[in-house]
Amino acid sequence: MEPVSPADLTRTVLDRHANVPDVRLKEIITSLIAHLHAFATEVRLTEQEWAAGIRFLTEAGHITDANRQEFILLSDTLGLSMLVDVINHDAGEGSTESTVLGPFWVADAAWRENGAVIGRPDDGEPLHVFGQVLDLGRTPIAGAVVDVWQASGRGLYDVQDPQQPVGNLRGRFRTDAAGRYDFWTVRPLAYAIPDDGPVGKMLAALGRHPWRAAHIHFKVSAEGCRSVTSHVFDAEGGYLDSDTVFGVKPSLVRTTSVVAGAPPAPFTGDEHRSIEYDFVLVPK
Ligand code: BEZ
Ligand code: FE
């Protein structure tokens with residue numbers, strides 16, 4: 001008898017899935033097996049390398065808990081999260097492009113009044129962020145929800161940092177009758193994703209850095225429209241070309257302006273930075 005070849009084995013495994021009852025599950029599992037086998041065959045994966053891969057995934061499982069999701073971090077840093085985003089969000093017709101949600105969004109963040117201050121002087125330089133939520137015809141959408149969150153100047157979100165009050169640098173705003181939202185925060189800085197686990201070791205082994213380009217997160221929703229999960233990136237914050245999760249899309253980058261005029265307390269000074277940023281939503 002002829003010895004079993006890699007191609008024979010792949011065929012046998014695929015054949016075993018010929019009768020998967022759910023059509024979509026069958027499509028996904030057979031494609032996954034075919035690609036996984038093709039990968040191992042192409043690189044001629046050794047037994048030691050296979051074992052190292054299993055150890056890596058085991059470590060990722062062990063470090064994952066309610067507050068730490070190493071598998072999403074793995075998906076993010078391998079560009080899979082952004083690939084899924086790009087496949088599923090075709091932002092045509094001038095609508096706002098989406099990007100990764102990330103692990104630090106919190107459901108039911110506090111409601112804030114337009115014009116509210118959501119950060120502290122300790123968190124960084126004051127930044128006024130305002131704009132409108134619009135439909136594709138650029139008609140303002142009243143009552144849209146603008147959910148905002150960002151890291152402090154120390155590179156940490158409130159949920160990661162015992163030195164920040166709960167809800168610091170996050171909140172939900174509702175647009176007024178003219179579709180406007182408006183808040184005061186701090187200028188975002190580049191920060192490193194959690195790199196003390198297996199994904200951090202992987203990035204180091206690959207000669208990659210863990211830095212995300214400076215950004216503010218947004219999730220914008222309105223009745224009758226598709227909600228958009230996105231960021232605004234600071235054009236001067238660095239790492240735009242090497243964001244470690246591949247999240248930067250050119251349409252999401254803005255330059256802050258320096259504006260004369262004191263920011264509201266507790267910030268001080270006689271000038272501040274601002275970003276005017278409109279969101280354009282598509283109908284459902
Ligand atoms: C974030 O921007 O919050 C983020 C996104 C992906 C991985 C880690 C952090
Ligand atoms: Fe972030």
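How far is an oxygen atom of ligand 1 from an N or O atom in the side chain of H215? In this predicted model, the separation is 3.1 Å. Two further side chains approach the ligand through polar atoms. A polar side-chain atom of Y191 lies 2.7 Å from an oxygen atom of ligand 1. For H217, the corresponding distance to an oxygen atom of ligand 1 is 3.0 Å. On its own, ligand 1 has 270 Å² of accessible area, and the protein covers 100% of it. Accessible areas come from the Shrake-Rupley method with a 1.4 Å probe; for residues, only the protein chains shown count as cover. The residues around the ligand (a heavy atom within 4 Å) include L73, D76, F104, Y157, I193, R212 and V245.

Residues are numbered from 1 along each chain as its sequence is written, while chains are lettered from A and ligands numbered from 1 in the order in which they are written. Local features need pLDDT of at least 70, side-chain atom pairs count only at pLDDT 80 or more, and totals for chains, interfaces and linings use all residues; side-chain values use heavy atoms, with hydrogens and water left out.

The protein contains 6 helices and 13 strands. These elements are DSSP runs numbered from the N terminus (helices H or I, at least four residues; strands E, at least two). The C-alpha trace spans about 85 × 40 × 30 Å along its principal axes. Of the 284 residues, 39% are buried. Buried means under 20% relative accessible area, exposed over 50%, and partly exposed in between (1.4 Å probe, protein chains only). Among contacts (heavy atoms within 4.5 Å) with a separation of 6 or more, 69% join residues 24 or more positions apart.

H128 is found in strand β2, residues 126-135. This histidine counts as buried because its relative accessibility is 14%. Its side chain joins that of D182 in a polar contact of 2.7 Å. A polar contact is a pair of N or O atoms within 3.5 Å; within protein, one must be able to donate a hydrogen and the other to accept it, and residues adjacent in sequence count only if both atoms are side-chain atoms. Not counting residues up to four places away in sequence, H128 also touches F183, W184, H272, R273, S274 and I275.

S230 lies in strand β9. With a relative accessible area of 1%, S230 is buried. A polar atom of its side chain lies 2.7 Å from the backbone oxygen of E97. Beyond four places in sequence, the residues that S230 touches include T96, S98, T99, I216, F218 and L252. H217 is also among the residues touched by S230.

The loop between β9 (228-234) and β10 (253-254) holds G237. At 23% relative accessibility, this glycine counts as partly exposed. Leaving aside neighbours within four places in sequence, G237 is in contact with A190 and A214. G237 and E271 are 34 residues apart in sequence and 19 Å apart in space, C-alpha to C-alpha.

Helix α6 covers residues 198-205, and its buried residues are P198, V199, G200, M202 and L203. Their cover includes α3 (47-63) and α4 (70-77). G207 follows α6 and has a positive phi, near 70 degrees.
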